[in-house]
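Q: I would like to learn how to read features off a model. Can we take them one at a time?

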Amino acid sequence: MKASLEIKKNEIVTYFESCSLPEQTYNKIIEIGQAKRNSNFNHKDDAYLVPGCQSQLWLHTKLKNEKLFFETHSDALISMGLAQLLVWYFSGEDAETILKSPPTFLDELGISNSLTPSRANGLYNIHLRMKQEALKTLIPST
């Protein structure tokens, strides 16, 4: 695992270390959603909408110095918090790293197992969109 991802994974695990119950984990996810809610998000159109999420969620990607930076918005705090976990982990990484590094911390923290099927599907689709955005940067446009 790339060193920067290891650091971010450790930060995320530390953030959740006080959670011993699924409700506590959900509360932390909601906290992240509230803290990262961006009222200045200007990309609420279909091009940025992530399909398959329980609520509407938009993902915008910027490429700077061959690194991808993600920003998300959702009115649902749990969806926003889950998306922000992936943003925390993958933002600032190059495309190859994003494509080759699954967010295993979700399983380690028990987040994946505690999600309803529709939320798990939404989280999968957010991750899939991030990988698609990474792949776009590696394929030359014609």
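Q: Is His60 buried or exposed?
A: Keep in mind that this is a predicted model. Buried means under 20% relative accessible area. His60 has a relative accessible area of 11%, so His60 is buried.

Q: Where does His60 lie, and which residues does His60 touch?
A: His60 lies in strand E1, residues 57–64. Leaving out residues up to four places away in sequence, His60 touches Phe41, His43, Tyr48, Phe69, Phe70 and Glu71.

Q: How do the axes of helix H2 and helix H3 cross?
A: Angles of 65 to 115 degrees count as roughly perpendicular. The axes of H2 (residues 22–36) and H3 (residues 77–90) cross at roughly 80 degrees and come within 7 Å. That makes H2 roughly perpendicular to H3.

Q: Which residues make the contact?
A: H2 brings Tyr26, Ile29, Ile30, Ile32, Gly33, Gln34 and Lys36. From H3 come Leu77, Ile78, Met80, Gly81, Leu82, Gln84, Leu85 and Trp88. By class, the contact has 10 nonpolar, four polar and one charged residues.

Q: What shows where empty space is left?
A: A probe the size of a water molecule is rolled over the atoms. Here, the largest pocket holds about 170 Å³ of space.

Q: Which helix gives the most to the lining of the largest pocket?
A: H7 does, with four residues. Helix H5 (105–108) and helix H7 (117–138) each supply at least two residues. Among the lining residues are Leu86, Pro102, Asp107, Leu123 and His127. The lining divides into eight nonpolar, three polar and one charged residues.

Terms used. Residues are numbered from 1 along each chain as its sequence is written. This is a predicted model: local features need pLDDT of at least 70, side-chain atom pairs count only at pLDDT 80 or more; totals for chains, interfaces and linings use all residues. Side-chain values use heavy atoms; hydrogens and water are left out. Axes are lines fitted to C-alpha atoms, for helices over the stretch in contact, and angles run from 0 to 180 degrees between N-to-C directions. Angles under 35 degrees count as roughly parallel, over 145 as roughly antiparallel, 65 to 115 as roughly perpendicular and the rest as oblique. Contact means heavy atoms within 4.5 Å. Ala, Val, Leu, Ile, Met, Phe, Trp, Tyr, Cys and Pro count as nonpolar, Asp, Glu, Lys and Arg as charged, and the others, Gly among them, as polar. Buried means under 20% relative accessible area, exposed over 50%, partly exposed in between (1.4 Å probe, protein chains only). On a 1 Å grid over the protein atoms alone, a cavity is a set of points where a 1.4 Å probe fits but cannot get out, and a pocket is an open set with protein on both sides within 12 Å along at least five of seven lines; lining residues have an atom within 4 Å of a point. Grid points are joined across faces, edges and corners, and a volume is the space filled by probe spheres set on the points.
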